Amino acid sequence: MTGGTAGAHGRTAGNDPHQELAARLRLLQDLSGLGVRALARDSGLSSSSLSRYLNGQTVPPWPAVVSLCRLVRRDPRPLRAVWERASNPLPAPPKSSRQGRPPARNDLPRDVPDFTGREEPLAAVLAAVESHRAVSVDGMAGVGKTCLAVHAAHRLAAGYPDGQLYVDLHGFTEGRSPLDPGSALRMLLGALDVPSEKVPQEGIEQLAACWRSELAGRRVVVVLDNAADAEQVRPLLPGAGPSVALITSRNRLLGLDEVPPVSLDVLSAEDGARLLARASSDPGGPDGRLARDPGSAAEVLRLCGNLPLALRLAGARLRHRPGWTVGVLAERMAQGAGELDAAFGTALAMSVRQLNRSQARLFRLLGLLPGESFDEYVAAALADVPLHTAQAMLEDLLDAHLVQQPTAGRYRLHDLVHQHARRAAAEQDPAAERERALRRVLDYYVHAAAAADAAMPFLSPGRAPSAGRRPAALPGFRDKNAAFAWYVTEYANLIAAFETAAAIGADAHVCELPRFLRAYFARRCGTTHLNVLFERALSAAERLDDPVQLAEAHSDLGFARYNAGRTAQAAAAYETAGRLLSRTGDARAEAELAVRRGYLSWDAGQAEEPLELFRLAGKLYERAGCPAGAAHAAAAEAWTLLQLGHREEAARLARQVLDLAHTDAAWPPGLTARITLGLAVAREAPEESAEQLRRALTLAREDGHLNNQAWCLNCMGVALRQMGHYDEALASHREAFALLDELFEEHWKIHFLNGYAETHRLAGAPEEALRLHREALELARRLGNQHAEALAQEGIAALAAG
């Protein structure tokens, strides 16, 4: 065994000598090309013992290691040191703080059980990772680039315990553009559980720097699959640190001088025959049909062009047709040779012809789907069939290797399969039917997003969707955590659905979908992208020429502007929305706009107007039959009363909100009411105050909303200051600002700076108080927040007078 190959493979197991030795023994098995039973027989070992050696469960005796090395004609001496370390392990190190963290992310696709051949390319990939921490695998479509990269990543996984990540860059996916580096970086940072507030909102350079910084202290292996070109990949490469990247592309990435390439060709005739045998055999052993008809087997290999994916598809057909001979398989494949020029296309067309009419229709329609992956609900909507029917058909397509299942409950099409399905739909299904199928998918995403939005309320409760037809089957969300998990899984598909709706002129879907993403964006994606979505939703609403839709689109855009600190633009949007709503008589939409205008009016330095708007909103919500909205308006009114100094009235109204029946402990009215009540009784009932604010903070943390967490912590600081506990108050303020420092939307600090400054003043730190008031004054003038500006000026004047 050469030192380079053994070293590259050995390090994949990290510092555990048992796993390091097992990894090197598995490489010997790869070189032998034998299964466990055959390898055990030829090396004179029992298969059960050999299995334990290969899995790292047992350290083999040294003669067993020598026997395995001799079998593949490799020198066993380089393995002696690691064998001795495994035989005499050091005491286990003390437990580290890492044990308190959640398990590292592993979203690598499943390693194929029939991985065959590729000894030299695999060794080259591992050696390149060892020397350069990156490698690119290039080759023609269907040649097995992804299979090799994923297999290598699984081999490396033990040595990279901080995460094993996978992202499809869609460089050659028909019907969609390659994934832009910015979106890929956001996906990867999200996979590392980097809070979105730490992720820069704009700029590839900033995102790439954030990605490199996060990897610098971690050991992560990343598979960047299906790259279009070097420019797409370069920002995704790790920087300083031990993490590694495995890249695949149909093109050789010549622009990545620092990344060694490994070019992959079709399998050799021998390896192709072995793969076909494995793919077509029963689990119990080799299939004798190939051996009985070597001529037909050779014809199948020729028709498949020794492409691994084509061989697996052909083998699957033979495996699931016990009555077929290899000659029948070859004949069926030859009959389809005129349909597609490529050998892969020949095998694929043959597989598709085995489907019944309903299965074939679903397969073709799957080529129309926006997004990367899908579940049975999407398939049911696409084909307009019951959910159980869609599930059964997907299982049939999975068995035929026409659909892949990267994780439980999720499906995808291989790029080449996707291309074939898309072409087949264009050829066989009328354009009107294709558009109806696509619109059913858009209907599904709008209504499913609305259901998820209802399960994790944001501010006032949203309106039910009106776009399209409600699908017969929608996922059920038992709580806000299930809804949030759905958003995380479907986010890329939701954005793809939005883009598809815009492309085909489905303006009602374009108009409504962003509205049902607000709750998710508030917790994960910031305001920049949401502003863009609402801008495009407004354009769609203008084309629809529906007064209510247009008014709500202006209102939604205004609220997005407000949350981004663009108050003048928010005011203009609200004014337009108000003019439109005055002619519609839609009480619910008017109520929501009144609440939003109340927040803006308070920031503009008004005193009585916000109260009037919140009270008006409550009446309108009651008229519209929306008690949750009325509670939200009442909570906002209580908060405003508190800011105006009406502590008793604020406490009374907050208690009324908390006494209302509701289904979600973290519903927004309750959070606002608890904070209001906690501040209102801080002097008279400090224990009750502390309890209300503590419960509010717990709810905000459970909800995963960093802005609300910072708000709770800042208010706890104010309450503790009012109780005279200045050191504890400052600590709470500091914790709030530590969270705000993770946000890239600095305008949020305007709500907390003056309170922090006042606590410093009373704690005997006037210089720091003056600095904070001045920072608040500068930010308030930039944002047009006259209320915060007035508070800052009062604070500066008080410090000057004192």
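What share of the accessible surface of the protein chain belongs to carbon and sulfur atoms? In this predicted model, the accessible surface of the protein chain comes to about 34000 Å², and carbon and sulfur atoms account for 51% of that area.

The overall architecture was examined next. The protein chain contains 39 helices together with seven strands. Its radius of gyration is 31 Å, close to the value of 28 Å that the globule rule gives for 802 residues, and the chain is therefore as compact as a globular protein of that length. The C-alpha trace spans about 95 × 70 × 45 Å along the principal axes of the chain. Of the 802 residues, 56% count as buried. Where contacts link residues at least 6 apart in sequence, 67% of them join residues at least 24 apart. With regard to charge, the chain carries 89 positive and 96 negative charges, whose mean positions lie 5 Å apart.

Helix α8, formed by residues 145-156, was considered in detail. At 1.5 Å a residue, its twelve residues should span 16 Å, and the C-alpha atoms at its ends are 17 Å apart, which agrees with that expectation. Ten of the twelve residues of α8 are buried, so the helix is largely enclosed by the rest of the structure. The buried positions comprise Lys-145, Cys-147, Leu-148, Ala-149, Val-150, His-151, Ala-152, Ala-153, Arg-155 and Leu-156. Burial in α8 thus includes Lys-145 and Arg-155, and residues of these two types count as positive in the charge tally. An α-helix has 3.6 residues a turn, so residues three or four places apart point the same way.

Definitions and conventions:
Residues are numbered from 1 along each chain as its sequence is written. This is a predicted model: local features need pLDDT of at least 70, side-chain atom pairs count only at pLDDT 80 or more; totals for chains, interfaces and linings use all residues. Side-chain values use heavy atoms; hydrogens and water are left out. Helices (H or I, at least four residues) and strands (E, at least two) are DSSP runs, numbered from the N terminus. The expected span of a helix is 1.5 Å times one less than its number of residues. Buried means under 20% relative accessible area, exposed over 50%, partly exposed in between (1.4 Å probe, protein chains only). The radius of gyration is taken over C-alpha atoms; the globule rule is 2.2 Å times the number of residues to the power 0.38. Contact means heavy atoms within 4.5 Å. Accessible areas come from the Shrake-Rupley method with a 1.4 Å probe; for residues, only the protein chains shown count as cover. The place of a charge is taken as NZ of Lys, CZ of Arg, CG of Asp or CD of Glu.
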